Amino acid sequence: MGFTTASPIQAQAIPLVRRGQDVIGQAQTGTGKTAAFGIPLIEKIDSTKRNPQGLVIAPTRELAVQVANELNNIGKYKHIHAMAVYGGEDIGRQIRGLKKHPQIITATPGRLLDHINRKTIHLDQVHTVILDEADEMLNMGFIDDIKKILNQVPTERQTLLFSATMPPAIRNLADQFMKNPDEVKIKAKTLTVDRIDQHFVELKERQKFEVFLRLIDIQSPERAIVFGRTKRRVDELASGLRRLGYKARGLHGDLTQAKRDQVMDDFKNHRVAILVATDVAARGLDISDVSHVYNFDMPQDPESYVHRIGRTGRAGKRGEAITFVITSEKQHLFMIEKTIKKKIERMPIPSQEDAADARRQETTEELLKVLNRGTNSNYRELAEKLLEEHDAVDIIAAALKQLTNEPELRKVKLTDEKPLQSKSFQGRRRRAPRHPRQQHHKGGRPQQRRHHSQPRAKKQ
Ligand SMILES: Nc1ncnc2c1ncn2[C@@H]1O[C@H](COP(=O)(O)OP(=O)(O)OP(=O)(O)O)[C@@H](O)[C@H]1O
Ligand SMILES: [Mg+2]
């Protein structure tokens, strides 16, 4: 896999896990926590047995899939097979997949319970359970699901909890489900990765879209993730950007799973440059070379901020994170700064002129690229004719203007989102549990997470 040295969390957690110790592992985003539990997990698997021996529970479907892929990479030469089971995918297809006897299951809680109830997954041979993004599963009210799942696993199992954030409430989870866990916490001055430049822009709700366009004109991100607060926001933003010619797609929990898979695939394969998403994409996703994260809407709580911006600056790379803050949300910004132990620098609203200059510059560069490719013979005759009648500079200026996306064409109307309320951070980490009826069918869908002090309209 090209790894040459163990990351700190790997160096510290792997020996403990090999020894059979229960471990709570905390380390910054993008520092290799997956392999920190994945490598010793693979070592413990007996490839001749037919029932699952390892179980990873993750809060979102995309993450369950990603972890299965990483485990399959790590276990390739030991012929270990990991399979993801998650809601939204045809259960019959999963049942057929399970007949190939994966030794490791990675799953979202709801669908896993479905399989347990249908007796298509048996957990009585499982010796190692990992809760990836453990704190998020608490937030999402998965605790009852997790209890039910762990009841199916022999008590002499090894249990591991991993996340970049471990709020105090995680202690309860540990007390209930773990045996004398060792805490491995990689010490860092800040909760966020130093290699991520963090800024905020103070603005009005109505200014957000225009300011965002200016920023992407100026920063021309290679690959960006833009977080919106609600599904409606994500839809409107993605389609607005697309109408203006940007390669943008939205991702949230109301899309069909096929669509979600398609969007992720397009983003990974560079067919999409801007992924607009709810917090469904905030945790764990490892997409290489995401250069920029934009918080178009302020995150619901400081932990969400940490994970959202952690989609960039991974595995030693640099990244940029920019957060839009409405004046009434300043208090939330201070809370975030306090939690991450770092000051987020203010960035002035970039001027229209700066953005226009950047756009013109980009058009010029694009034109030069076409010039250097030198395959323009079909146009030479036309060009010569134009030159007979007009000034050369005038012609080029007109062509550049035509190629440049001019601001008057950039009107897009977004529905206003109400700013975060000042109370809403106080009740954080105590989101209401999901409705029991929904559990089996909609496991792993963060759009159901609902904040105590947030009105329903704010669901993701
Ligand atoms: N020892 C290593 N050397 C180089 N790269 C590594 C190493 N370990 C992991 N990586 C790579 O680093 C990237 C981030 O790893 P991973 O997704 O496990 O991070 P994480 O700590 O789980 O982050 P998050 O908190 O966001 O979930 C992955 O692309 C992974 O392949
Ligand atoms: Mg992870």
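**Note on the ligand 1 site and the two domains**

1. Ligand 1 lies between domain 1 (8-186) and domain 2 (196-346), because both give residues to the shell around it. The domain bounds come from an automatic or database domain assignment.

2. This is a predicted model, in which local features need pLDDT of at least 70 and side-chain atom pairs count only at pLDDT 80 or more, while totals for chains, interfaces and linings use all residues. Residues are numbered from 1 along each chain as its sequence is written, and chains are lettered from A and ligands numbered from 1 in the order in which they are written.

3. The shell around ligand 1 holds 18 residues, the closest being T29, G32, K33, T34 and A315; a residue is near a molecule if its C-beta atom, placed from the backbone, lies within 6 Å of it. Helix α2 (residues 33-44) supplies the largest share, 3 residues. Helices are DSSP runs (H or I, at least four residues) and strands likewise (E, at least two), numbered from the N terminus.

4. Between the domains, 18 residues of domain 1 are in contact with 16 residues of domain 2, contact being C-beta atoms, placed from the backbone, within 7 Å. On the domain 1 side, α3 (61-74) and α6 (134-139) are the elements that give two or more residues, and α3 gives the most, with 4 residues.

5. The C-alpha centres of domain 1 and domain 2 lie 28 Å apart.

6. An unreviewed UniProt entry lists residues 14-184 as "domain: Helicase ATP-binding". The span 14-184 is 42% helix and 18% strand, with its end C-alpha atoms 10 Å apart. UniProt positions are given in the numbering used here, feature names are shortened, and annotations may be inferred rather than shown by experiment.

How values were computed. Contact = placed C-beta atoms within 7 Å.
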